[in-house]
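Subject: Structure handover

Hello,

Here is the structure we spoke about. Please look it over first, then read my notes below.

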Amino acid sequence: MSQALLREIIDYANRANPYPLYEELRKTPVSHDGDGPYVVSTYYEIHSLLHDPRISSDAKNLKATGDDLLGDQSDEEGTTLPPSFLKLDPPDHDRLRRMTNRPFGPPHAPHRVHDMRDELGGLVTGLIDGIRETGQLDRIDLVDQFAYPFPVTVICRLLGIPREDEPRFHVWAETLAASLDPDPDADPTKRGKGSMDARMELGMYLAGLIEERRKNPGDDMLSQLATADGPDGAMTTMEALSTSALLLIAGHETTVNLITNGMLTLLRFPDVLQRLREDPDLAVPIVEELLRYEPPVQLLPQRTTLSDVEVAGVTIPKGASVWLMLASGNRDPKRFEDPDRFDPDRKDIQHLGLGSGIHSCFGAPLARQEAQLALSELARRLENPRLLEDPPQYRQNSVLRGPRHLQVACDGIRG
Amino acid sequence: MTGAGTHDGSLERLKREGRIVVVGASLAGLRAAETMRDKGFTGSLTMIGDEPYEPYDRPPLSKQVLLGNAVADHTALPRRRAIDADWRLGVPATGLDMGARRVRLGNGDEVEYDRLLIATGVRARPWPNPEEGALKGVFVLRTRDDGEGLQRALAAGPRRVLVIGAGFTGSEIASACRERGLDVTVAERGDAPLVGALGGVIGAVAAEMHHENGVDLRTGVMVTSLEGDPSGRVRAAHLSDGSTVEADVVVVSLGAQRNTEWLAGSGLGAGPRGIACDAGCRAFDVRGIVTDDIYVAGDVARSPHALFGYQFLSLEHWGNAVAQADTAAHNMLSESADRRPHLWVPAFWSSQFGVNIKSVGVPPMGTEILVTQGSLAERRFAAVYGYQGRMIAAVTFDNCRWLPFYEQQIESTAPFPPPFSTVDRRPEGAKPQPADFPDPSVPTHGPTITLSGYSPADRKMTFTPGR
């Protein structure tokens with residue numbers, strides 16, 4: 001009955017706590033019925049498939065039949081933007097990711113993320129000061145007032161996108177993030193059209209910016225992507241567009257949830273919150289444990305097999321759709337001792353929260369730094385914070401899972 | 001204390017008040033000591049090392065240290081925990097009395113043990129002519145001092161560096177020289193760099209890397225002699241093809257020799273190829289009988305590997321040293337039924353000319369090779385080695401994230417050629433080709449060594465420079 005279980009996981013009613021369903025799912029490491037996807041729910045099986053070159057991220061390799069849960073995958077082919085490297089296989093994936101990495105990380109830009117630390121700290125301080133200035137400490141929405149604006153501002157600055165345009169692309173970003181969500185009730189054709197339109201509009205917006213940066217380059221990533229001419233040559237305009245769209249959207253929807261899930265968890269575990277308040281360095285292991293315990297990306301629903309692949313005694317046939325249930329693998333008792341316990345002192349913590357293999361999270365170093373700073377500062381500054389609503393109201397999305405609002409109250413905000 | 005763990009309490013006594021001696025203050029020695037303490041060993045622990053330094057990490061010595069990006073004396077290994085040991089550093093072990101359970105030291109001391117772990121590793125094979133090898137400017141690279149000395153010589157801006165031998169270390173040295181803008185010649189007896197470890201198909205790729213990075217690569221030649229100037233400084237090398245290379249720094253990179261001479265005459269099964277031990281790291285004596293109180297770990301150990309036809313493999317791999325040390329330490333403090341085999345799949349990495357090279361399995365066992373992902377021409381690929389219809393090894397160039405998959409395939413004796421499609425499979429990956437390893441009966445890689453003598457105790461090695 002995996003299909004029924006899968007529907008339950010996707011069902012919004014179970015958004016606040018899908019973990020008992022994952023536990024049920026893990027009884028069958030690779031489950032499948034009817035036309036549905038092959039659902040892989042256990043740690044070692046997911047990990048091995050993330051490193052398996054017989055698994056493709058390119059939707060072109062998916063057999064046309066089946067997978068009604070995801071809707072029609074072919075939508076994207078018709079849009080003006082080619083797929084980003086998230087949805088490509090090597091060699092194109094490798095080339096684009098490598099070129100994108102040149103201005104972002106080692107070996108060519110080893111200090112980029114680290115050097116943003118002061119800037120990030122300034123943003124965090126500003127946002128928390130802003131909450132204090134409202135004077136309304138009996139009802140703070142940590143999502144709207146902090147966890148959303150922080151990473152969005154960061155990704156805008158990193159890319160060199162004017163912050164004041166944010167309301168425009170906020171709508172596109174939400175539409176595109178929602179398109180990742182396999183909502184069985186949505187009309188797939190309508191949703192496909194919506195995401196296509198959003199992609200097109202976002203593409204046109206970014207095309208204008210890139211054109212401008214080609215003429216007047218700055219030290220932002222958009223300029224570097226637009227003008228780079230390394231050993232791999234230059235990106236085509238279309239490649240630069242889909243790459244920057246990917247970074248913009250990923251920067252929107254994941255770190256927000258990491259920070260929000262993080263504060264929610266800390267408020268549920270006040271002793272850990274207290275320890276973090278006393279020792280900001282504890283943010284490092286706390287964020288790692290959060291990525292295991294409440295990962296912002298719950299599952300990867302867009303892989304497909306290039307050959308028959310045997311996993312845990314099940315042969316997944318060539319061309320099948322494979323869903324990798326990262327959040328379920330993170331709570332696999334065969335891999336982690338007492339997995340449902342939130343334990344920042346856990347030593348062995350090779351979680352799947354950021355994926356693994358060639359598609360492992362590109363923005364991981366930035367996301368980690370943002371979450372560490374955000375959580376340690378919130379812990380330090382909020383006096384006696386408490387949840388007003390538990391569980392909070394969640395976003396619709398079952399893939400990019402996190403609270404839509406996080407209502408808290410506190411007695412004061414320290415300077 | 002009885003040798004074999006029995007249920008008479010002797011094991012508990014050993015753990016409580018036994019004497020454990022580790023010869024080799026190395027990566028393997030340190031990790032083993034840490035594991036023993038983790039397992040509740042509270043007796044006396046003696047760490048013996050011939051170098052004056054506490055255990056340090058070697059991989060940076062041929063990489064970051066040579067580039068001047070790290071300092072040799074900053075490569076000390078991080079400690080996982082305190083080990084509360086009696087350190088005897090700067091004193092080599094010179095002998096072993098198995099009957100009396102004593103290790104003799106170079107300063108005349110003797111140390112008694114209840115359990116002995118040998119982790120003496122290997123040392124760089126020196127230039128066969130000691131007089132030439134002693135010329136100023138002639139280096140080997142194995143120890144921290146070697147690394148520091150060579151780094152200083154490179155920093156002084158020599159006009160040309162000659163590297164003798166294009167294995168992994170030699171290639172890494174050449175790469176570091178080029179990165180520092182130094183002219184470098186590499187002389188390799190085989191037909192290509194890395195050919196002994198990875199075969200001719202991959203060797204050809206490595207040769208291109210040398211050429212493109214401006215290395216003067218000479219293959220199929222040997223250095224026959226080194227020539228010094230009147231002040232005793234090296235100035236030139238003469239090659240077997242009649243040519244001469246003028247160089248003021250020469251790095252001899254001809255592989256390693258196992259540090260077993262101190263065991264000569266001890267009765268332990270130790271010789272030039274290492275110390276034979278069982279899969280549980282227990283050393284064999286010369287009669288082929290397993291000992292119960294002497295264990296071996298790291299580069300100096302030679303143990304049978306079930307996955308590779310029970311061949312006795314000795315592996316000069318960082319990861320192997322760590323894993324084997326852990327197994328040895330566990331077994332030293334366990335009842336026989338609780339002992340574990342050392343089942344590590346050989347794996348190594350190298351970094352040269354900006355390319356990350358990694359391998360799993362035993363490539364030299366492979367007779368065929370198939371590029372399963374990427375392309376040799378782009379120097380970004382994964383290739384698998386086949387042996388009698390099964391996958392026996394894999395190598396990646398700048399593609400290491402796929403390696404766990406191939407390791408798992410090798411562990412499960414997957415068929416070769418692989419019957420599946422993969423992402424990034426190119427036309428060149430359609431058909432296996434001969435892996436092109438040098439014929440083992442014709443020595444092409446490294447210097448020719450011949451052995452004489454019948455028992456490890458009186459075995460002799462002779463270096464033969466000519467073919």
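Predicted model: local features only at pLDDT ≥ 70, side-chain atom pairs only at ≥ 80, totals over all residues.

**Salt bridges and cysteines**

Start in chain A. Arg341(A) and Asp338(A) form a salt bridge, at 2.9 Å from N to O. Arg341(A) is partly exposed, at 43% relative accessible area. Asp338(A) is partly exposed too, at 45%.

Now chain B. Arg19(B) pairs with Asp114(B) in a salt bridge, and their closest N and O atoms are 3.0 Å apart. This pair links distant parts of the chain, 95 residues apart. Arg19(B) sits in strand β1 (residues 19–23), while Asp114(B) is in the loop between β6 (110–112) and β7 (115–118). Asp114(B) is buried, with a relative accessible area of 7%. Arg19(B) is partly exposed, at 33%.

Another salt bridge joins Arg81(B) to Asp38(B), with 2.9 Å between the closest N and O atoms. Arg81(B) lies in the loop between α3 (64–67) and β3 (86–89), and Asp38(B) in helix α2 (residues 27–38), so the pair ties together parts 43 residues apart in sequence. Arg81(B) is partly exposed, at 33%. Asp38(B) is exposed, at 57% relative accessibility.

There is also a network in chain B. Salt bridges with shared partners join Asp278(B), Arg282(B), Asp292(B) and Arg339(B).

What about disulfides over all chains? A search of the whole structure finds zero. Cys400(B) is in no disulfide, because the nearest cysteine sulfur, in Cys361(A), is 18 Å away, and a disulfide needs the two sulfur atoms within 2.5 Å. Cys400(B) is partly exposed, at 27% relative accessibility. Cys410(A) is buried, at 6%.

Best wishes

Terms used. Residues numbered from 1 in each chain as written. Chains lettered and ligands numbered in written order. Heavy atoms only, no water. Buried < 20%, exposed > 50% of the residue type's maximum accessible area, 1.4 Å probe, protein only. Salt bridge = Lys/Arg side-chain N within 4 Å of Asp/Glu carboxyl O. Helix = DSSP H or I, 4+ residues; strand = E, 2+ residues; numbered from the N terminus.
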